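Take a look at the sequence and the model, then read on.

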Amino acid sequence: MNEEWAPTDEDIEWTKGVVESLEIGQDWMEGEMAFRKTGDATLTLLTRTERADSASRRVEVVLQMIGWHLDMESVKIIP
């Protein structure tokens, strides 16, 4: 991932709107990634493709900026 990448204000606001609208246990599909809201301010990355590594890291950056946590401990990586 390009270490100089930074989200725009629009990226941050859009992501915040999406994750705050999710119910606990609800899934969110974005590109080649699947997330589940597993806590008040926690998303768990369920699956992603190999090529979605950078995208998932970018989601993590945005979530950290809005005070959320992304759990990637048990992600299933699809070739």
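## The pocket and its surroundings

Helix α2 gives the largest pocket the largest share of its lining, 4 residues. Before going further, a word on what you're looking at: this is a predicted model, where local features need pLDDT of at least 70, side-chain atom pairs count only at pLDDT 80 or more, and totals for chains, interfaces and linings use all residues. Residues are numbered from 1 along each chain as its sequence is written, and side-chain values use heavy atoms, with hydrogens and water left out.

Helices (H or I, at least four residues) and strands (E, at least two) are DSSP runs, numbered from the N terminus. α1 (9–21), β1 (27–30) and α2 (53–65) each bring at least two residues to the lining of the largest pocket. A pocket here is an open set of points on a 1 Å grid over the protein atoms alone, where a 1.4 Å probe fits, with protein on both sides within 12 Å along at least five of seven lines; lining residues have an atom within 4 Å of a point.

How much space lies in the largest pocket? About 190 Å³, where the volume is the space filled by probe spheres set on the points, and grid points are joined across faces, edges and corners. Among the residues lining the pocket are Trp-5, Trp-14, Trp-28, Met-33 and Arg-58. Sorted by class, the lining holds 7 nonpolar, 1 polar and 3 charged residues. For that count, Ala, Val, Leu, Ile, Met, Phe, Trp, Tyr, Cys and Pro are nonpolar, Asp, Glu, Lys and Arg are charged, and the others, Gly among them, are polar.

Now for the rings. Searching the whole structure turns up 2 aromatic pairs. Rings of Phe, Tyr and Trp (its six-membered ring) pair if their centres lie within 6.5 Å; planes under 30 degrees apart count as stacked, over 60 as edge-to-face and the rest as tilted.

| Ring pair | Centre to centre | Angle between planes | Type |
|---|---|---|---|
| Trp-14 and Trp-28 | 6.2 Å | 55 degrees | tilted |
| Trp-28 and Phe-35 | 4.9 Å | 25 degrees | stacked |

The pair of Trp-14 in helix α1 and Trp-28 in strand β1 links distant parts of the chain, 14 residues apart. Taken together, ring pairs tie Trp-14, Trp-28 and Phe-35 into a cluster.

Is Trp-14 buried, exposed or partly exposed? Buried means under 20% relative accessible area, exposed over 50%, and partly exposed in between (1.4 Å probe, protein chains only). Trp-14 has 47% relative accessibility, so Trp-14 counts as partly exposed. Trp-28 is buried, because its relative accessible area is 9%. Phe-35 is buried too, like Trp-28.

On to the strands. Two strands pair if DSSP finds at least two bridges between them. β1 and β2 run antiparallel, paired over 4 bridges, and Asp-27 stands opposite Arg-36 in β2. Their hairpin has 2 residues between the strands, and in it Gly-31 takes a positive phi near 55 degrees.

Next along, β2 (residues 33–39) and β3 (residues 42–49) are antiparallel, joined by 6 bridges, with a hairpin of 2 residues connecting them. Met-33 has Arg-48 as its bridge partner in β3, while Arg-36 has Thr-44 there. Thr-44 also stands opposite Asp-71 in β4. β3 and β4 (residues 69–71) are parallel, with 3 bridges between them. As for cover, 5 of the 7 residues of β2 are buried, so the strand is mostly covered.

Two more residues are worth a stop. Pro-7 sits in the segment before α1 and is buried, with a relative accessible area of 14%. Which residues does Pro-7 touch, not counting those up to four places away in sequence? Contact means heavy atoms within 4.5 Å, and the answer is Ile-12, Val-61, Val-62 and Met-65. Pro-7 and Val-61 are 54 residues apart along the chain, yet their C-alpha atoms are separated by 8.1 Å.

Gln-26 lies in the loop between α1 and β1, and its 33% relative accessibility makes it partly exposed. Leaving out residues up to four places away in sequence, Gln-26 touches Ser-21, Phe-35, Arg-36 and Lys-37. From Gln-26 to Lys-37 is 11 residues in sequence and 5.7 Å in space, C-alpha to C-alpha.
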